[in-house]
Amino acid sequence: MQTYFLSQQFNSRPLAENSTACPANATICSGTSCVLPEDNFNETLSIILSTVLTIMLALVMFSMGCNVDIKKFWGHIKRPWGIFVGFLCQFGIMPLTAFLLSLAFNVLPIQAVVVLIMGCCPGGTASNVIAYWVDGDMDLSISMTTCSTLFAMGMMPLCLFVYTKTWTDSNAIVLPYDSIGISLVALIIPVSFGIYVNHRWPSKAKVILKVGSIVGAILIVLIAVVGGILYKGSWIISPKLWIIGTIFPAAGYSLGFFLARVAGLSWHRCRTVSLETGMQNTQLCSTIVQLSFTPEQLELMFTFPLIYSIFQLLFALLILGGYRVYRRYRVKTKTDVEKTEEKEDSKSTSSHAKINGGFVSNETK
């Protein structure tokens, strides 16, 4: 309902500027200001796309589960050092970074709150797809996403209580526990089926994984495009929030990788923790914002989750591209070194044979 009023505010502006009277179908008129009836197009489009995206997301998480070894996954649960590092990043680094960025840019209180809500959200499922493409630890990635969503039920209220005191009463923020629960169920069920398929039919699981990873990449782009279409009228926003939306995900990726490396995790797990830290559940943030604030307040901060999602995707693609270039260069270099060593070995063998009258010992073969 709040989204409806917000969209009508943006729709009424050009009418107020370009006409002297409200149109005949206006429901509320006050001079040149008017409110038009609800536009069913966005509502219908939103329902259709939400249904399609939900089905696609379930299929993607099912395919990601096909890359999880149940023994390794259970090993992360029993020895949760990687999960603990991810927990510190998710509910330690990200809320603190949001708080410091809000102070540094001196944004409005209501804008600082939306930045903090984003920082307190659990990791998003897009991180699992990107982690697969950068050869991350999928068992750790899935377990981190699951645990962060589960821990969010307690950690989000705590973090918001601690950090939002500076700007507002934390009781004013409505946390949709049902949405968090649905996210958790939507994550656990398809992943569990994927793990079972990988356990019973590993060859089929590999095919499903390849298809699902491609669908996942398409899904990530679709979510960003859909957000731009549905909320095209809400792009009038403070430049400070654009800057924060650019810096915030980059800081999350960098700090997550640094902390994981300091904690002694391997390189592929460092990449995994980095992605799990920087990629937030922006859909959950949007839901919290819509439930908690008035249309007038939404006007100042509604688009920030979408801005964050766009830049978190862009930086993730840069990480992916950089890793692919590095891997190709490293593999090429390693191959060249091996060929050089083989040539040197063959030369030394032939020279040894000449010296020993053509005899080649078993040690040099």
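Reader: Is L88 buried or exposed, or in between?

Author: Buried means under 20% relative accessible area, exposed over 50%, and partly exposed in between (1.4 Å probe, protein chains only). L88 has a relative accessible area of 38%, so L88 is partly exposed. The model is predicted: local features need pLDDT of at least 70, side-chain atom pairs count only at pLDDT 80 or more, and totals for chains, interfaces and linings use all residues. Residues are numbered from 1 along each chain as its sequence is written, and side-chain values use heavy atoms, leaving out hydrogens and water.

Reader: In which helix does L88 lie?

Author: Helices are DSSP runs (H or I, at least four residues), numbered from the N terminus. L88 belongs to helix α4, residues 81–105.

Reader: Which residues make up the largest nonpolar core?

Author: A nonpolar core is a set of buried Ala, Val, Leu, Ile, Met, Phe, Trp, Tyr and Cys residues joined through side-chain atoms within 4.5 Å. The largest here has 39 residues, and V115, I117, M156, F248, V289, F293 and F304 have the most contacts inside it. Among the elements that give two or more residues to this core are α4, α7 (138–163) and α10 (239–262). The most comes from α5, with nine residues. Another core, of 25 residues, lies apart from it and includes V68, V191, M279 and Y323.

Reader: How far apart are the end C-alpha atoms of residues 241–260?

Author: They lie 28 Å apart, and the span is 100% helix. For residues 306–326 the separation is 30 Å, again with 100% helix.
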